[in-house]
Amino acid sequence: MAIKKNLIAALTLACASLGAPAAYADDISSSPAAIVLTDGAGFFGDAFAMSNMGNTFSDHFTFSMADGMNLDAIVSSIARGAGDGMHISGLDVYDAGGLVQAGTMLHDGTIDVWTVSTSGLAAGDYWLQVSGTMNSDGASAFGGAIAMAPVPEPATYALLLAGLGVVGVVGRRRKS
């Protein structure tokens, strides 16, 4: 009889624990925002209110590119200590087909810094995704910059070499 009581008690406890609510982090991501580009460069960022410790975010910043462009972006957050503010866990470039280029972490701790670079992107719509977790209940923010530059064509390199050759010839003639 004692075995039956223990078995019933164990089953009751197991069933009760299945119904208990699990502690999940809230997603505090902001709605996608467009990056205003001025001559191929722009800024992006977000700020989060207090009382969000443990919550996660994955913010999207949209932009469009012309054909054959290079892209460089950087994002950073700063806090008083490594356990304060937020932890940035990614800076990535996406298009409609999925991940284009994953970012690289340069520094982690009181200052989080991530960069991402791509070369020769086709014309189209893209977005930067900044992901992370809130480390404390204090307010926190991140900010970043993006710059685009055209990919030089082979003719540009030929002109550069020709120009250097002319400068070399003129310099040699002046010496003699």
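A residue counts as buried when its relative accessible area is under 20%, as exposed when that area is over 50%, and as partly exposed in between (1.4 Å probe, protein chains only). F142 is buried on this scale, with a relative accessible area of 5%. The model is a predicted one, so to speak of local features takes a pLDDT of at least 70 and side-chain atom pairs count only at pLDDT 80 or more, while totals for chains, interfaces and linings use all residues. Residue numbers start from 1 along each chain as its sequence is written, and side-chain values use heavy atoms, with hydrogens and water left out.

As for the overall layout, the protein chain has two helices and ten strands; helices (H or I, at least four residues) and strands (E, at least two) are DSSP runs, numbered from the N terminus. Along the sequence the pattern reads α-β-β-β-β-β-β-β-β-β-β-α. Of the 176 residues in the protein chain, 29% are buried. The accessible surface of the protein chain is about 11,100 Å², and carbon and sulfur atoms hold 62% of that (areas from the Shrake-Rupley method with a 1.4 Å probe; for residues, only the protein chains shown count as cover). With contact taken as heavy atoms within 4.5 Å, residues 24 or more positions apart supply 82% of the contacts in the protein chain that have a separation of 6 or more.

Now for the sheets, where two strands are said to pair if DSSP finds at least two bridges between them. Strands of a sheet pair through backbone hydrogen bonds, either parallel or antiparallel. At the β1 end, β1 and β3 pair in the parallel sense over two bridges, and A33 sits opposite F61 in β3. At the other end, β5 and β6 run antiparallel and are joined by three bridges.

Another open sheet of five strands runs β2-β10-β4-β8-β7, with antiparallel pairing. Here β2 (41-48) and β7 (104-107) stand at the edges, each with a single partner strand, so one side of each lacks a neighbour in the sheet. The twist averages 20° from one strand to the next (axes are lines fitted to C-alpha atoms, for helices over the stretch in contact, and angles run from 0 to 180 degrees between N-to-C directions). Three bridges hold β7 to strand β8 (residues 111-121) in the antiparallel sense, and M105 has W114 in β8 as its bridge partner.

Turning to the aromatic side chains, rings of Phe, Tyr and Trp (its six-membered ring) pair if their centres lie within 6.5 Å; planes under 30 degrees apart count as stacked, over 60 as edge-to-face and the rest as tilted. The structure holds seven such aromatic pairs. One of them is F57 with F142, stacked at 5.6 Å centre to centre and 15° between the planes. This pair links distant parts of the chain, with F57 in strand β3 (residues 56-65) and F142 in strand β10 (residues 140-150), 85 residues apart. F57 is buried at 2% relative accessibility. Y94 and W127 are also a stacked pair, 5.6 Å centre to centre with 10° between the planes. That pair, too, links distant parts of the chain: Y94 is in strand β5 (residues 86-95) and W127 in strand β9 (residues 124-134), 33 residues apart. Y94 counts as buried at 19% relative accessibility, whereas W127 is partly exposed at 23%. F57 and F142 also belong to one aromatic cluster with F44, F48 and F61.

Two further buried positions round out the picture. S140, in strand β10, is buried at 8% relative accessibility. Leaving aside neighbours within four places in sequence, S140 is in contact with D46, A47, F48, G85, M86 and M134. L121, in strand β8, is buried at 7% relative accessibility. L121 lies 5.2 Å from M69, C-alpha to C-alpha, although the two are 52 residues apart in sequence. Not counting residues up to four places away in sequence, L121 touches M65, A66, D67, G68, M69, L71, V100 and Y126.
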